[in-house]
Amino acid sequence: LSEEVTNTLLENPDMVKLGGEKRRVTIMMSDLRGFTALADRLEPEQVVQILNAYFEVMVDVLLKYNATINEIIGDALLVIFGAPQAMPDRAGRAIACSIEMQNAMTKVNEQNRSHGLPEIEMGIGLNDVEVIVGNIGSSKRSKYGVVGSGVNMTSRIESYSVGGQILISDSVKKEAGDTLRIDEQRDVTPKGSEASIRIYEVGGISGKYNLALEKKDIDLVELVQA
């Protein structure tokens with residue numbers, strides 16, 4: 001947790017209820033594209049080196065936006081905006097954080113290249129939904145967690161992304177308002193869902209965040225044969 005959230009919880013311990021509560025939150029799922037196949041070709045030390053350098057940069061960005069990092073699962077992140085601390089601008093904050101995370105991948109890949117390691121790409125999915133949050137576990141090990149079908153749907157949305165993309169649900173688009181730059185939209189039918197949903201590709205956010213995805217320079221290569 002960020003220092004700001006930690007201090008708030010220390011001052012108001014009742015904010016984290018042991019019994020759990022329903023809360024409207026924006027959920028983020030991020031994942032490295034094709035990393036499992038890449039990991040099979042690398043030495044274990046290289047895999048851990050890539051992941052640790054990647055998470056070092058991403059966690060700094062997440063804490064800057066007061067996100068709650070719920071899980072680190074292999075190369076994936078499950079993050080909550082809006083719990084345990086209420087966040088009126090949770091959707092806009094989550095989108096701004098996602099943009100900054102994608103832009104920070106340039107730094108991650110610069111580090112990888114300097115150590116002779118392959119470049120990596122990340123996809124991000126966002127969903128705004130009501131879930132159950134609370135302390136989950138046993139008397140020996142518990143954590144502040146999130147439960148609900150909206151978590152699975154966030155994972156489904158993220159699975160449609162390619163490297164460098166941020167995909168959001170219709171609920172996130174509505175919650176964020178007219179501050180978004182939408183580059184594309186499409187209807188998909190997620191696994192396990194009977195109905196299709198509309199997802200949007202975000203390229204930027206205006207207003208107080210005023211951020212956009214950085215365009216990557218494409219190096220043109222002259223072909224040997226025309």
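Predicted model: local features only at pLDDT ≥ 70, side-chain atom pairs only at ≥ 80, totals over all residues.
The residues that line the largest cavity divide into three nonpolar, two polar and three charged. Two elements each give two or more residues to the lining of the largest cavity, namely strand E7 (180-188) and strand E8 (197-205).

Attention then turns to the largest pocket, which holds about 390 Å³ of space. Its lining is made up of 16 residues, and those nearest the pocket centre are Gln 102, Met 105, Thr 106, Asn 109 and Lys 216. By class, four of the lining residues are nonpolar, six are polar and six are charged. Helix H4 (residues 90-114) supplies six residues, the largest share of the pocket lining.

Along the way, H4 bends by about 25 degrees at Asn 103. As a general point, an α-helix has 3.6 residues a turn, so residues three or four places apart point the same way. How much of H4 is buried? Of its 25 residues, 19 are buried, so the helix is largely enclosed by the rest of the structure. After H4 comes Gly 116, which has a positive phi, near 70 degrees.

A last stop is Val 129, a residue of strand E4 (residues 122-137). Is Val 129 buried or exposed? Its relative accessibility is 17%, and because the cut-off for buried is under 20%, Val 129 counts as buried. Leaving aside residues up to four places away in sequence, Val 129 touches Arg 23, Arg 24, Val 25, Ile 27 and Gly 150. Arg 181, by contrast, lies 52 residues from Val 129 in sequence, with 21 Å between the two C-alpha atoms.

Technical notes. Residues numbered from 1 in each chain as written. Heavy atoms only, no water. 1 Å grid on protein atoms, 1.4 Å probe; cavity = no way out; pocket = protein on both sides within 12 Å on 5 of 7 lines; lining within 4 Å. Points joined across faces, edges and corners; volume = space filled by probe spheres on them. Helix = DSSP H or I, 4+ residues; strand = E, 2+ residues; numbered from the N terminus. Nonpolar A, V, L, I, M, F, W, Y, C, P; charged D, E, K, R; others polar. Bend = angle between axes of the 7 residues up to and from the residue. Buried < 20%, exposed > 50% of the residue type's maximum accessible area, 1.4 Å probe, protein only. Contact = heavy atoms within 4.5 Å.
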